[in-house]
Amino acid sequence: MRDGPNTHVGSMMDVAVSPVLALRKFGCEQSLLSRPDGSSSFVQGDTSVLAGVYGPAEVKISKEIYDRATLEVMIQPKVGLSGVRERAQEHCVRQTCEAALLSTLHPRSSLSLILQIIHDDGSLLSCCLNAACMALMDAGLPMSCLFCGVTCAIEQDGHIVTDPTSQQEKESRALMTFAIDSAERRVMMSSTRGSFSVNELQQCVALSQRASEEIFQFYRDSVRRRYSKTL
Amino acid sequence: YNFTYPFSSSISTANGSALVKIGNTTVICGIKGELTCPPSDAPNKGYIVPNVDLPPLCSSRFRPGPPSEQAQVASQFIADVIDSSNVIQKEDLCIEKGKLSWVLYCDIICLDYDGNLLDTCVVALLAALKNARLPEVTINKETDLAEVNTDKLHHLNVSKHPVSSSFSIFDNTIVIVDPTVEEETLSTAMMTVVTDEDDRLCMLHKPGGSALSGEKLQDCISRAVTRHREVSKLIEKVMDSFEPDK
């Protein structure tokens, strides 16, 4: 499993070459922090998010759920305090993770997921989802499936761009982020901005499902590379 | 579907207001216009500031104190609907480029919480915006001060009519339209689709939960389009019935 010059712990690879489906360079590193039970950093082009997972741990009585674990998600912006926008993103990430995690295996305990934004250059929510999934995987929490985030932007001329930069996001007519599950490639989460037709939506969903194949392949490669080193 | 009763209510101190009831869920929306400087990055625009409040009065699940996560998520949702659907052209809120523009504070307060909050909020917002009347403002060339003519009131130019439809999803098999609070808590996922009168989607909001297949998604969207027709017809009927009184 050695591959020549790429000897650092993280793995970098170029995903996708086809003209329609073009994702930026991905990078991922797991267990880079010592204190959290699981951590990861996920890089999509210039967008970078650091994630840490603590748990299962003791839960506050007020937040205890008797038949499953309580999941808390915090998104910390690069500068300033988190506001209403972050709260809405946290809500999306939390519900996506809750659906994937088998939280009934850890009743009356707490899981906290902290996402620190290192740099935002577009597709932030999808990068957060990817970092969250890798961190949960690194923490060894039982999950029913994996998930990945894909952002699509529809440009003024109707052209669809996957994994847009913040410049492309600003110029776009509509922006959609989907979370796709690894089991059946179905849509777990969707968050959109701008108006679009039903047909455009279906195209974006189909494109995201194709992009998800590449991202899951990347997940597999980076995890395989990581474990081939420790053995 | 449960029946919808929108009422244009009379909060006399607000520029526009509406009380909307869907099933048991009751929401009141007040719109207050204030004058301000336009944002420096877009000197020809005004502001719309929505806020959703879930006071302890509406349900035992809400405690007094700072706004709950759900209230913040709902506020952000309403702000996104306003931006995505262009319900009001923000350029219309500008009075003098770079100098003076309107800021519309849309305060939405829930009085009775029985699920389907987002749909009710969107209907209340739309009805209140249609009902809102702002005074004419001119800038005096000599003194450079704004003069408000409260005798001349004019309606806002509501360019789009977004209507939202929420669905409770039970494991990709059962889909319930217009869910009550019990149905919402038992469901494995929620989804809200916002459509406008041209059958375009303004928002497809599904905050996680169990996965949904493409066919079910399509099914929900077609239901949302049908529901849009029904709801907008109802809003128009109610608005018309109120107009002659004024």
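Is A:Thr192 buried or exposed, and what is its relative accessibility? At 6% relative accessibility, A:Thr192 counts as buried, a word that stands for under 20% relative accessible area, while exposed stands for over 50% and partly exposed for what lies in between (1.4 Å probe, protein chains only). The structure is a predicted model, in which local features need pLDDT of at least 70 and side-chain atom pairs count only at pLDDT 80 or more, whereas totals for chains, interfaces and linings use all residues. Residues are numbered from 1 along each chain as its sequence is written, chains are lettered from A and ligands numbered from 1 in the order in which they are written, and side-chain values use heavy atoms, with hydrogens and water left out.

A:Thr192 is found in strand 10 of chain A, residues 187-193, where strands (E, at least two residues) and helices (H or I, at least four) are DSSP runs numbered from the N terminus. Leaving aside its neighbours within four places in sequence, A:Thr192 is in contact (heavy atoms within 4.5 Å) with A:Leu175 and A:Met176 and also with B:Cys202, B:Met203 and B:Leu204 of the other chain. The side chain of A:Thr192 reaches the backbone nitrogen of B:Leu204 at 3.0 Å.

From this residue we can turn to the interface as a whole. Here 26 residues of chain B are in contact with 30 residues of chain A, and the area buried between chain B and chain A is about 2,500 Å², of which carbon and sulfur atoms give 53%. Buried area is the accessible area (1.4 Å probe) that two parts lose on being put together, summed over both. Between chain B and chain A the count is 1 salt bridge, that is, a side-chain nitrogen of Lys or Arg within 4 Å of a carboxyl oxygen of Asp or Glu, and in it the side chains of B:Glu69 and A:Arg94 meet at 2.8 Å, N to O. Across the interface of chain B and chain A there are 13 residue pairs in polar contact, both residues at pLDDT 80 or more; a polar contact is a pair of N or O atoms within 3.5 Å, of which, within protein, one must be able to donate a hydrogen and the other to accept it, and residues adjacent in sequence count only if both atoms are side-chain atoms. On the side of chain B that touches chain A, helix 1 (69-85), strand 12 (201-205) and helix 4 (214-242) of chain B each supply at least two residues, and helix 1 gives the most, with 6 residues.

The aromatic rings give another view of the structure, which holds 6 aromatic pairs over all chains. Rings of Phe, Tyr and Trp (its six-membered ring) pair if their centres lie within 6.5 Å, and planes under 30 degrees apart count as stacked, over 60 as edge-to-face and the rest as tilted. A:Phe26 and A:Phe42 form an edge-to-face pair, 5.7 Å centre to centre with 75° between the planes, and this pair links strand 2 (residues 26-30) to strand 3 (residues 38-44) of chain A, the two residues being 16 residues apart. A:Phe42 also forms an edge-to-face pair with A:Phe218, at 5.9 Å centre to centre and 85° between the planes. Because A:Phe42 lies in strand 3 and A:Phe218 in helix 4 (residues 198-230) of chain A, this pair ties together parts that are 176 residues apart in sequence. A:Phe26 is buried, with a relative accessible area of 1%, and A:Phe42 and A:Phe218 are buried as well.
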